[in-house]
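Dear colleague,

Please find below the structure that I am handing over to you. My notes on the fold of one chain and on its contacts with its partner follow it.

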Amino acid sequence: MAGTVIGDGLTIDGEVTGDDEVVVHGTVRGTLTTSEAVSVAAGGVVEADVTASSVSVAGHVTGNVTAQDRIDIQAGGRLVGDIKSARFTIADGASFKGSVDMEV
Amino acid sequence: MAAASIIGPGTVVRGNVRGNGSLEVRGRVEGDIEVDGDVALGEDAAVNGNVSGAQIIVAGQVAGDLRGSEAVMLERGARVVGDLSAPRIGIAEGALVRGGVRTEGEAPAPRRAAVLPARRGGERSDFARPAPKPIAVPAPKPAQPAPAAVAAKPAPAAAPALAVEASGGPPAPVVPALGKGVRGKKKTKRS
């Protein structure tokens, strides 16, 4: 079960840090840092720099994303920002604008 | 219907949390919480800011004011430094509070208090029991024609019944005034 769930309708303005899995259905503005996975669900809005072990984007993310493992942008997802991760996928139907650094 | 949110035990939020839906906090929040649903602060939760919601149940630490539009309930593990304000306020034995307590506002129809999710040992919330039946405080007998020069003013007929239901806001605390010179009456058995 996810540690932190930001429900639809909730808005967090500030820094979110921790070591819980984070699922965002609502809005996060600021920074989001965790040592576990971050999942931005469809409808979720993240206007923040995200640092996590893995990031899955099905909603909107505006900010730089850094992941230790992988970053996945799902169909319908949208990411505007630079990403840095060892593995990276963009699904057909996803939107992305930014630079990619796969730590080559 | 707005969803339920959880701030997990390992999460720290430095900033404000606002929105719709209910919120359960098991981590730390340094900032204000303002939601229109219920707020439940777990035993390990720590909030450094004001909390505003419908029904606020606290079992953790709060440094800030608690303002509930329905109720504020402090459980045994609550440690609160700040003011409590709600139409219905409950403070369980063992809770620590330092601040003002004020029952005010429109009391909506009472409902069964929300139960905090199972804690270690699965104890139930102190407040998870049906609302008690209203207990009417009987009006005291009129003062006897005793040495008292001025009879004690009889308590108002609308002595605040300890009713959970309140048609308007909660009744203001009423302390019947004692006239000058009234002394305590020794209780004697009536023959």
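Helices (H or I, at least four residues) and strands (E, at least two) are taken as DSSP runs and numbered from the N terminus. On that basis chain A has zero helices and 13 strands. The radius of gyration of chain A, taken over C-alpha atoms, is 12 Å, close to the 13 Å that the globule rule gives for 104 residues, so chain A is as compact as a globular protein of that length. That rule is 2.2 Å times the number of residues to the power 0.38. Along the principal axes, the C-alpha atoms of chain A fill a box of roughly 35 × 25 × 25 Å.

The model is predicted: local features need pLDDT of at least 70 and side-chain atom pairs count only at pLDDT 80 or more, whereas totals for chains, interfaces and linings use all residues. Residues are numbered from 1 along each chain as its sequence is written, chains are lettered from A and ligands numbered from 1 in the order in which they are written, and side-chain values use heavy atoms, with hydrogens and water left out.

Strand 2 of chain A (residues 10-18) deserves attention. Two strands are called paired if DSSP finds at least two bridges between them. Within chain A, eight bridges join strand 2 to strand 4 (residues 27-34), and the two run parallel. Nine bridges join strand 2 of chain A to strand 2 of chain B (residues 11-19), in antiparallel fashion. A:Glu15 has bridge partners in both: A:Thr31 in strand 4 of chain A and B:Arg14 in strand 2 of chain B. A:Asp13 stands opposite B:Asn16.

As to the interface, 19 residues of chain A are in contact with 21 residues of chain B (heavy atoms within 4.5 Å). The two chains bury about 1,400 Å² between them, 46% of it on carbon and sulfur atoms; this is the accessible area (1.4 Å probe) lost on being put together, summed over both. A:Leu10, A:Glu15 and A:Thr17 supply 30% of the area that chain A buries against chain B, more than any other three residues.

The rule finds one salt bridge across the interface, a side-chain nitrogen of Lys or Arg within 4 Å of a carboxyl oxygen of Asp or Glu. The side chains of A:Glu15 and B:Arg14 meet in a salt bridge at 3.5 Å, N to O. Strand 2 of chain A gives the most to the side of chain A that touches chain B, with nine residues.

With kind regards
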